[in-house]
Amino acid sequence: MSETPKPLIEVTGLTKTYHMGEVEVRALRGVDLKVRKGEFIAICGPSGSGKSTLFYVLGGLASATTGSVLIDGHDLSNMSDGERTQIRRDLVGFVFQRYNLLPTLSAMDNISMAQFIAGKPQHTEGWFKRSLEMLGVGHRLGHKPRSLSGGEQQRIAIARAIVNQPALLLADEPTGNLDTENSEVVLKLLRDLNERLGQTILMITHNPEAAAFAHRIIHMRDGRIV
Amino acid sequence: MINKLVIANLKHRWIRTILSSLAVGVQVTMILTIVGLSYGMLDDIGQRSRGVGADILIRPPGSSIIGLSSANIPEKLLDFVRKLPHVAIATGTTVHPIGGPNSVTGIELESFSAMSGGFRYIEGGPFRQPDEVVIDQFWARQNKLKVGDYASFMDRKWRVCGIVEPGKLARMFLPIKLLQDLSANTGKLTMIYVKVDEHENLQTVIDGFKKELPGYQIYSLEEFVSLISVDNVPGVKPFIYVVIGISIFVGFLVVFNSMYTAVLERTREIGILKALGATPQMVLSVLLREAVVLALVGSVAGILLTYVARWAIMHYVPGSLTQTIVPNWWPIATGVSLMGALLGALYPGWKAARQDAIEALSYE
Ligand SMILES: Nc1ncnc2c1ncn2[C@@H]1O[C@H](COP(=O)(O)OP(=O)(O)O)[C@@H](O)[C@H]1O
Ligand SMILES: [Mg+2]
């Protein structure tokens with residue numbers, strides 16, 4: 001136990017280059033980032049500045065080209081696809097702009113699927129129940145995504161992302177598809193999750209009002225933090 | 001939970017699910033119908049052979065068990081057989097093919113009736129005129145014939161004079177002399193049927209025949225019937241194997257196509273599963289299980305369809321075809337459809353498993 005605990009995320013010199021046939025796209029050009037446990041950080045920046053790419057690398061969906069990425073002490077940069085899948089499953093929850101619920105499953109089954117994949121028992125008591133109450137979607141669980149409003153879908157998506165109590169919640173423009181009212185609800189939820197459950201959150205947003213909910217705002221441009 | 005997703009996916013695109021299953025099912029029906037026909041027709045030949053009431057059959061040298069061997073037993077042989085000890089009745093037949101699986105059989109009415117116990121006429125009676133034919137009920141039903149109607153075969157018109165209960169050797173009967181002359185087989189027989197005086201003499205008579213008639217094929221009826229089986233008739237097994245091969249291939253194509261479109265259509269869902277931490281194996285397993293469900297549902301449908309096929313055969317062509325239901329083959333046919341389906345799901349599944357999640361999840 002040291003005075004300053006190791007950060008949850010420690011990114012050093014991260015670059016990511018996409019190869020599209022002959023063309024190389026340098027999406028990240030040297031990112032350094034430290035995030036402490038329990039922080040709520042907003043990431044802002046113009047379209048194409050590499051925000052989503054940073055998330056994919058942090059969540060282990062994409063591999064780093066160079067640099068090191070430590071999540072909770074695990075170095076993702078020299079892991080195989082399989083090992084990164086495991087880290088993602090155990091430590092990371094994703095929320096997307098487009099909700100990305102499985103359309104053929106009910107809201108409840110979407111959440112259960114995340115528990116199943118994580119190999120967690122699909123209990124519906126205790127923390128699970130409390131978090132659903134907090135999200136205010138308890139009465140809509142039997143519905144398919146199609147018959148839910150955007151706000152409801154996004155709240156289900158958040159429930160799915162946190163059901164396995166991940167160390168890190170990555171929300172990529174979670175209010176990008178929502179009206180002001182629903183955006184407000186979702187942002188308050190994220191803040192509640194952070195304050196009441198100590199959930200570490202990184203949130204990409206274009207919206208300064210949304211960014212204001214966070215403790216700290218990081219700006220990105222051309223694949224770098226500025 | 002995987003199964004829940006599999007079922008939900010199949011229900012979501014239920015028309016495609018039903019069509020794919022049916023297409024798989026038709027393969028199952030095809031196999032089972034071919035097998036059912038093979039067994040059914042052979043069984044039927046056995047049954048009808050029993051209906052003659054003979055104990056011993058004499059066939060010309062070199063003829064195959066099934067198949068319409070030409071008539072080449074000289075008629076004199078029948079007289080010779082009749083004089084052998086312990087022979088109670090002997091009768092000869094001439095069989096002439098009239099296309100497809102159908103044939104007409106020439107009989108000597110008196111000795112044939114004596115041996116078989118006589119026809120049971122449902123309508124009409126025995127032939128008296130040289131243009132008259134006796135047919136059985138199945139042939140009558142298949143061709144919608146009544147007594148007094150005319151049937152055409154062998155380039156002639158025949159008046160139906162009697163309709164008899166099925167089960168005695170053949171479906172169409174003519175006087176043997178007439179048929180021999182018409183088919184340029186005057187004085188020639190296809191087969192001789194023998195009834196012995198006492199059953200205990202059967203073996204003695206057979207042994208005697210074998211000595212007196214070298215080269216001829218002599219069978220007890222039981223022996224003959226047991227020889228009429230899928231294993232003994234050349235061509236049936238290979239034919240079934242060819243059908244199985246085609247079924248696997250078509251099942252493969254159907255499921256491949258169905259799963260391939262499913263994978264293309266579900267890039268986003270697959271990306272979501274991966275974002276949730278699903279392994280490639282799990283993604284593959286979802287698709288393989290979908291294929292298994294398609295194959296199993298298809299197999300059940302296919303099995304049910306064989307009953308429909310049998311009904312259609314009994315209704316429309318009972319005189320030409322006989323199909324039995326062969327439950328022993330259900331697992332085999334199901335296995336065949338499973339194999340085609342799994343092979344078909346393999347490539348789409350592999351493609352899905354290694355699909356890039358990022359591209360699928362990107363907003364645009
Ligand atoms: N899968 C990909 N393949 C190739 N290039 C990509 C891919 N994803 C993103 N890019 C490119 O990488 C750059 C950064 O994109 P992205 O991380 O999505 O930025 P942001 O989320 O900030 O809009 C862009 O130029 C984009 O076109
Ligand atoms: Mg983005």
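Reply: Start with disulfides: a disulfide is a pair of cysteine sulfur atoms within 2.5 Å. This is a predicted model, where local features need pLDDT of at least 70, side-chain atom pairs count only at pLDDT 80 or more, and totals for chains, interfaces and linings use all residues. Residues are numbered from 1 along each chain as its sequence is written, chains are lettered from A and ligands numbered from 1 in the order in which they are written, and side-chain values use heavy atoms, leaving out hydrogens and water.

Me: How many disulfides does a search of the whole structure find?

Reply: Zero, over all chains.

Me: Is Cys44(A) buried or exposed?

Reply: Buried means under 20% relative accessible area, exposed over 50%, partly exposed in between (1.4 Å probe, protein chains only). Cys44(A) has 10%, so it is buried. Cys161(B) is buried too, at 6%.

Me: Where does Val26(B) sit?

Reply: In helix 2 of chain B. Helices (H or I, at least four residues) and strands (E, at least two) are DSSP runs, numbered from the N terminus. Val26(B) has 43% relative accessibility, so it counts as partly exposed.

Me: Which residues surround ligand 1?

Reply: Count a residue if one of its heavy atoms lies within 4 Å. There are 13, and the closest are Gly48(A), Gly50(A), Lys51(A), Ser52(A) and Thr53(A). Ligand 1 lies between chains A and B. Helix 1 of chain A gives the most to this shell, with three residues.
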